[in-house]
Structure formats: structure tokens, C-alpha cells
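User: I would like to learn how to read a sheet and a pocket in a model. Can we go through them one by one?

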Amino acid sequence: MSHSTDTPALRTRPEWRALERHRDAAAGQSLRGLFAADPGRGERMTLEAAGWYLDYSKQRVTGETLGLLRALAAAAGVPERTAAMFRGDRINVTEGRAVLHTALRAPRRAKLEVDGRDVIRDVHEVLDRMANFAERVRSGEWTGHTGRRIRHIVNIGIGGSDLGPVMAFEALKFYSQRELSFSFVSNVDGTHLLEALNGRDPAETLFVISSKTFTTLETLANAHAARDWCLGALVQPAAIARHFVAVSTNTEAVQKFGIDPANMFGFWDWVGGRYSMDSAIGLSTMLAIGPDRFHEMLAGFHAMDSHFRTAPPERNLPQLMALLAIWNGNFLGAPTVAVLPYAQYLTRFPAYLQQLTMESNGKHVTLEGARVDYATGPVYWGEPGTNGQHSFYQLIHQGTHLIPCDFIGICRPLNPLGVQHDLLMANLFAQSEALAFGKTPAEVAAEGATAALVPHRSFEGNRPSNTLLADELSPHTLGALVALYEHSVFVQGVIWNIDSFDQWGVELGKALATRTAAELASVEAPALTHDSSSNALIRRYRARRGAS
């Protein structure tokens with residue numbers, strides 16, 4: 001898809017300026033006032049799709065705000081760019097690639113040709129091979145080199161090859177086959193791998209090496225260390241073919257490592273790493289929950305994809321989430337978003353969203369290469385509730401930064417235990433209420449606080465939040481939740497006129513690390529040509545790494 005160099009600068013658009021005027025005119029509005037003026041606000045400002053219910057009534061918006069935001073999205077070309085993405089146009093302009101993570105979860109009957117190939121058929125060929133392999137491992141038919149059953153699976157990857165699989169495993173652990181244990185290794189710090197292997201038997205361990213190019217330094221360093229650990233016990237190089245499989249597209253490198261190409265599961269350049277958990281990168285997820293549950297997750301993704309593609313703007317859940325984020329970040333000046341799942345199984349969801357959101361939209365130039373003069377890509381962070389309440393909620397309630405929150409809750413627990421789930425959800429609802437409405441000095445004084453304590457115990461409120469609820473945490477609702485944030489990120493990127501699908505900022509550090517690693521490994525200590533700080537740090541490390 002081509003992009004004209006005369007695209008109007010975002011802040012000069014009349015729709016942007018209308019939003020600025022609207023913000024200034026509504027500067028004195030409060031959530032207390034909005035709710036008082038509209039008793040039905042809490043029931044009316046809701047939206048539901050693909051198993052998720054959103055209450056956005058505690059956002060600092062009115063119907064007028066939302067109308068102006070939808071006008072901005074239309075002017076920025078959100079409908080056209082959405083159609084282009086689903087069509088397979090090369091909307092990743094800096095890499096000349098299509099963006100088709102939605103094809104990974106399209107049903108078998110669908111058809112989509114890119115460069116003359118039906119990518120849906122290719123996707124389902126890989127899914128069928130994954131399912132066959134997963135069933136063999138889960139049933140015990142696939143054995144290790146000595147004939148013993150596989151009992152421990154180690155996924156070795158980094159970035160999207162780790163964050164997606166580990167998040168999905170933790171989220172869907174309730175559905176996992178408990179005879180199998182799973183570890184996820186990403187950090188090149190040897191501690192990560194060694195702790196994962198501690199107490200494990202190589203004869204019962206299967207490694208899934210996830211690297212599209214099979215050249216990622218951290219992943220290959222861990223993979224080779226795992227190979228040495230395996231051969232230290234099993235001795236024969238032929239053992240590698242029974243204890244290692246690859247998720248990659250580099251057949252030659254995979255075969256050289258010792259992995260049978262028949263046990264290599266591929267994917268495509270139109271799948272970005274942070275959008276790949278439902279591709280072959282999800283092999284460890286499928287091994288854990290089985291092919292049927294994995295396909296349920298894909299169906300959840302697809303349900304949200306279909307909703308996003310077809311729902312009108314005023315009823316479009318991902319677009320609404322994106323517009324609320326634009327309003328909070330660009331017009332109310334909020335630099336971060338807290339993601340607060342009140343579900344222990346979603347413990348890794350905030351970390352997963354960090355890559356999805358910040359690698360996608362952490363960009364400082366437009367599609368045309370011009371420097372932006374507006375904020376993009378807020379910082380996403382968070383922890384499960386109720387843990388965060390005893391940690392950082394103080395700053396959200398009474399700090400000097402405006403921090404919008406996404407609360408995520410589940411109505412029916414998978415593990416009911418006494419009154420605990422009611423207590424968990426009571427905390428979720430209480431926190432969003434307290435953030436919205438606070439406590440006035442008059443209310444504090446009426447409770448008997450001394451004049452000296454009134455300022456300390458007052459809460460200004462008016463702090464925006466979303467509340468997302470699902471009936472149950474299932475593979476389907478997890479897929480839909482991930483797709484909801486994927487498409488929200490996309491819409492924000494379209495409005496900001498940036499490329500949400502490249503990640504050149506990751507590459508510079510990689511290149512410098514490769515150069516520095518060679519300098520550290522050299523016996524002859526080559527001359528250093530970095531800046532004075534880096535040179536001094538490297539020299540100190542060289543001198544002290546062998547000291548006892």
C-alpha cells in the first residue's frame with residue numbers, strides 16, 4: 001500500500017484540533033459530575049464482543065468525545081488500512097511485508113492468496129503437522145533416544161518466541177496435561193537455562209528451539225548449551241533428533257544443529273514475532289493443552305478478528321479501546337497505562353502486552369519518515385491484582401501522574417475456593433470506583449479526620465479506567481483478549497501514521513552486542529573503539545571476570 005508524502009501532519013488535521021478544543025472546554029468535568037448528570041451512564045457506556053464485556057463509563061469521555069475520536073480515526077484512514085491488512089497488502093512499509101497474523105487463525109475453509117499462494121492452506125498444513133506431533137508426545141508414542149517417555153518440555157526462544165508461549169501456558173495451565181512439565185528459557189544468562197534443567201533427566205526432556213532464522217544469538221547460545229547438556233548424558237549425536245525440535249524457516253541451520261527437518265515447524269515473514277503465539281511458535285502451548293484446545297484459542301482470536309473487521313465504529317471494541325488510549329495519551333497527557341488482571345492465570349499478560357504495545361508503537365517517525373511532534377506508544381506495565389494494591393496503587397491513587405488502568409476480571413473461577421473469588425472481584429470493583437470518584441476533603445472531615453490529616457486522606461479521583469470482564473478464562477476468551485489488544489495497537493498506529501509492524505530499534509543493540517561479544521571472547525584483547533564509558537566498562541569486566 002503506497003503512502004502519499006502529502007499526508008497532512010496529525011496535529012494540523014481539523015479533527016485533531018476539534019479534539020483539543022473539546023478537551024479545553026471540558027477541562028472542569030469530573031467523573032463524579034458525569035455520573036451525577038447521567039444516572040444510566042454505567043449501563044449505557046458498555047460494549048461486548050467475542051466473550052468480553054467492556055465497561056468504559058469510568059473514562060473521562062462523553063458521547064461528543066467519542067464522536068470526535070471516531071471522526072479522527074476515519075480521517076486517518078482506519079477503515080482503509082484495516083481492509084488493507086486483512087487483504088494482505090504490504091502495510092509494513094519499511095520491510096515491504098504483508099501483515100497477516102489474522103491468517104494464522106482463519107478457519108480451514110477460508111482462502112487468502114498472497115504472491116500467488118493460498119496462505120490459509122499453508123497455515124493449516126503446519127497446524128496439522130503440529131497437532132500430529134503434539135498428540136504423539138502427549139500420548140507417549142514419541143519417546144526419547146533411550147525409549148523413555150518425554151516428561152519435561154523446555155521452550156527456548158526470546159521476545160515473541162518466549163513471551164507469547166509462556167503467557168499462554170500460564171494463562172491456560174488449568175487445561176494443561178499435568179503429566180508434562182514445562183519450562184521457558186529466554187535469558188542468555190546461564191542461570192535461566194541451568195535452573196530450568198536442574199533435577200531434570202535428559203532422557204525425558206524435549207527442547208523446542210524457537211527462532212525464525214535460527215540465528216538469534218541468545219536463543220542459539222541457550223540451544224547449544226542445552227545440546228551439550230543432553231549429549232553429556234546421552235552421548236550419541238543421534239539423540240538430538242529425538243530430544244530437539246525447531247520452530248524455524250532455516251532448514252539448513254536446523255539440520256546442521258542435528259534436528260530432523262521433519263520435526264521443523266515453519267512460519268512466514270508476514271508474521272511478526274510479537275504476533276506469532278498462534279503460529280508454530282505456539283507449539284509448546286499446543287503440547288501443553290492439546291490440539292483441540294489450541295484450536296479453541298484460534299477460534300477466539302478469529303471471533304475478535306471478525307468483530308473488528310465488520311463491526312461499525314460505534315460498536316467496535318478494539319477501535320474503542322484504541323480511541324480511549326489516544327484520548328488519554330495525546331489529549332489528557334497520560335504517559336503510561338497500567339494493565340491489572342484480577343486473575344492469577346494472567347500473571348504474565350502485562351509482560352506480554354509490553355512487547356505487543358511498545359515494540360509496535362514505540363516509534364518516532366511517520367510512515368513517510370518525518371519526525372512526529374506528538375506522543376506515541378505509552379509505557380504499558382502492571383501486575384496481577386490484588387498484589388499491585390499492596391505495591392504501586394498508592395501512586396495511581398494519589399501520585400502526580402495520570403495513569404489510566406485496564407482492569408481485567410473473570411466472573412466464574414476455574415478454581416473456586418471458599419469466598420476468595422468474591423473477595424478478589426470485590427477488590428477489582430472497589431479499585432475502579434475509588435479511582436473514579438475518590439474522596440473529597442469534606443467527606444474525609446465528616447469521617448472525623450483532624451484538619452492536619454484531611455489533605456493526606458483525600459483522593460481527587462477522576463482517574464480513568466476500563467473494566468474488561470469475561471465469564472470464564474478459556475482458550476477462546478484468551479485468544480479473543482489477545483486479538484483485542486492486537487487490533488487496538490494497530491488502530492493507534494494508524495492514527496499516529498507510524499509503522500506498527502517493524503522494530504528497527506531492536507536491531508542497533510543486537511549489532512553492537514555482536515561486536516562486543518567478539519571483543520570479550522578474543523584471547524588477544526583487541527583495541528577498543530567504543531566511547532570512553534563503554535571502553536572502561538569492558539576493560540573492567542575483562543580484568544575482573546576471572547577473579548575469585
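User: What is the strand order of the open sheet?

Analyst: This is a predicted model: local features need pLDDT of at least 70, side-chain atom pairs count only at pLDDT 80 or more, and totals for chains, interfaces and linings use all residues. Residues are numbered from 1 along each chain as its sequence is written, and side-chain values use heavy atoms, without hydrogens and water. Strands (E, at least two residues) and helices (H or I, at least four) are DSSP runs, numbered from the N terminus. Two strands pair if DSSP finds at least two bridges between them. Here 5 strands follow the order β6-β5-β7-β8-β9, with parallel pairing. β6 (181-185) and β9 (264-265) are the edge strands, each pairing on one side only.

User: How many bridges join β5 to β7?

Analyst: There are 5, between β5 (152-156) and β7 (205-210). Histidine 152 has threonine 205 of β7 as its bridge partner.

User: Which strands does α9 touch?

Analyst: Contact means heavy atoms within 4.5 Å. α9 touches β5, β6, β7 and β8 (244-247). Angles, from 0 to 180 degrees, compare N-to-C directions of axes fitted to C-alpha atoms, for helices over the stretch in contact. α9 makes about 160 degrees with β7. α7 lies across β5, β6 and β7, at about 150 degrees to β6.

User: Which element gives the largest share of the lining of the largest pocket?

Analyst: A pocket is an open set of points on a 1 Å grid over the protein atoms alone, where a 1.4 Å probe fits, with protein on both sides within 12 Å along at least five of seven lines; lining residues have an atom within 4 Å of a point. α21 gives 7 residues, the largest share.
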